[in-house]
Amino acid sequence: VRIAKVLSSWTAGCARHGFDAVEPDNLDSWTRSRHLLSRAGNLDLARRLVKSAHRQGLAVAQKNAAELTAVQVKRVGFDFAVAEDCQVYSECSSYRRLYGGHVIEIEYSDEGRANFDKACARRGDAWSIVYRDRDLVTPSQPGYVHDTC
């Protein structure tokens, strides 16, 4: 509950600054916590965040955790997905089943341009696909990569 209150104040700031949506990261932390966190606990936190963000007029993206079921996604209330490297990890069909065309796919340059090119050929007409450097540096910085299809 305390974490949800802190994060809800952050999303309120996003709403005040004119954002349309947020994607709370690390809501799949149970997968890396060595059993310190549970899937149920992470999904409860996500549900609280989505409810608060919706009250603030924001849409909320599921980010990663392609293993979530349609029932879990509906219970939480996510509006769309941000799928990182779903071409690399063969998870794109999971997001398609859950969200149809309401997906923003990000393929990172450190995984190779070929993954982005395959993603564009396979899904470029279904949803937004972005090719980026993993550090998300600005155009004036070395290593900047950005493309879309």
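1. A disulfide joins C86 to C92, with an S to S distance of 2.1 Å; the term denotes a pair of cysteine sulfur atoms within 2.5 Å. The link of C86 and C92 is right-handed, with 100° about the S-S bond. Both C86 and C92 are buried (under 20% relative accessible area; exposed is over 50% and partly exposed in between, with a 1.4 Å probe and protein chains only).

2. The model is predicted: local features need pLDDT of at least 70, side-chain atom pairs count only at pLDDT 80 or more, and totals for chains, interfaces and linings use all residues. Residues are numbered from 1 along each chain as its sequence is written, and side-chain values use heavy atoms, with hydrogens and water left out.

3. C120 and C149 also form a disulfide, with their sulfur atoms 2.2 Å apart. This link of C120 and C149 is left-handed, at -95° about the S-S bond. C120 lies in helix α5 (residues 113–123) and C149 in the segment after β6 (146–148), so the pair ties together parts that are 29 residues apart in sequence. Helices (H or I, at least four residues) and strands (E, at least two) are DSSP runs, numbered from the N terminus.

4. C120 is buried at 18% relative accessibility, whereas C149 is partly exposed at 43%.

5. K63 lies in strand β2 (residues 59–63) and is buried, with a relative accessible area of 11%. Leaving aside residues up to four places away in sequence, K63 touches E23, P24, D25, V82 and E84 (heavy atoms within 4.5 Å).
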